[in-house]
Amino acid sequence: KLEGLKTIAVTTNGINLTRLLPRLKEAGLNAINISLDTLVPAKFEFIVRRKGTNLSSKATVLVLAGMCVLYLQVNCVVMRGFNEDEVLDFVNFTKDLPLDVRFIEYMPFDGKYCCFEVLLGQK
């Protein structure tokens, strides 16, 4: 451990986290940000570009929240036409869990071009 270093965190989609977590904790990990943009299994597979994941990030969130051994945060990027209808589902899923949820605005950049059609403002 480095002197003065208080937090060692990782951001992940959670797919390999349960397998790697013991070694990460041994190395000093004390905070996890899980990127979970959807609670729908088919959409999750589309995002992570892997079939058969069976929404492992949702399961990982539940396992980690139940362990309560690390600071846990869920980041959800809200996108028009993709998951804006799931915001209340996220609230219901996480409201009684010991974690923080951040709804993040989609950053509309694709190389040199903007993708404003998926931007969902706070209206």
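**Note on the pocket, salt bridges and aromatic pairs**

1. Two elements, helix 2 (41–48) and strand 4 (100–105), each supply at least two residues to the lining of the largest pocket. Helices (H or I, at least four residues) and strands (E, at least two) are DSSP runs numbered from the N terminus. The model is predicted, so local features need pLDDT of at least 70 and side-chain atom pairs pLDDT 80 or more, while totals for chains, interfaces and linings use all residues. Residues are numbered from 1 along each chain as its sequence is written, and side-chain values use heavy atoms, without hydrogens or water.

2. The volume of the largest pocket is about 200 Å³. A pocket is an open set of points on a 1 Å grid over the protein atoms alone where a 1.4 Å probe fits, with protein on both sides within 12 Å along at least five of seven lines; lining residues have an atom within 4 Å of a point. Ten residues line this pocket, and those closest to its centre are Asp37, Ile47, Val77, Met79 and Tyr106. By class, the lining has eight nonpolar residues, two charged and no polar.

3. How many salt bridges are found in the whole structure? The search returns two, a salt bridge being a side-chain nitrogen of Lys or Arg within 4 Å of a carboxyl oxygen of Asp or Glu. Lys43, Asp85 and Glu86 are linked in a network of these bridges.

4. Asp85 meets Lys43 at 3.9 Å, N to O. This pair links distant parts of the chain, with Lys43 in helix 2 and Asp85, 42 residues away, in the loop between strand 3 (71–78) and helix 4 (87–94). For Glu86 and Lys43, the closest N and O atoms are 3.2 Å apart. Because Glu86 also lies in the loop between strand 3 and helix 4 and Lys43 in helix 2, the pair ties together parts 43 residues apart in sequence.

5. Asp85 is exposed at 57% relative accessible area, whereas Glu86 is buried at 3%. Buried means under 20%, exposed over 50%, and partly exposed in between (1.4 Å probe, protein chains only).

6. The structure holds two aromatic pairs. Rings of Phe, Tyr and Trp (its six-membered ring) pair if their centres lie within 6.5 Å; planes under 30 degrees apart count as stacked, over 60 as edge-to-face and the rest as tilted. Phe46 and Phe82 form a tilted pair, because their planes stand at 45°, with ring centres 6.3 Å apart. Phe46 is in helix 2 and Phe82 in the loop between strand 3 and helix 4, so parts 36 residues apart in sequence are tied together. Phe46 is exposed (61%), and Phe82 is buried (18%).

7. The pair of Phe90 and Phe103 is edge-to-face because the planes are at 90°; the ring centres are 6.1 Å apart. With Phe90 in helix 4 and Phe103 in strand 4, this pair ties together parts 13 residues apart in sequence. Phe90 is buried at 1% relative accessibility, and Phe103 is partly exposed at 36%.

8. Val10 belongs to strand 1 (residues 9–12) and is partly exposed, at 25% relative accessibility. Beyond neighbours within four places in sequence, Val10 is in contact (heavy atoms within 4.5 Å) with Leu29, Ala31, Ile32 and Asn33.

Key: Grid points are joined across faces, edges and corners, and a volume is the space filled by probe spheres set on the points. Ala, Val, Leu, Ile, Met, Phe, Trp, Tyr, Cys and Pro count as nonpolar, Asp, Glu, Lys and Arg as charged, and the others, Gly among them, as polar.
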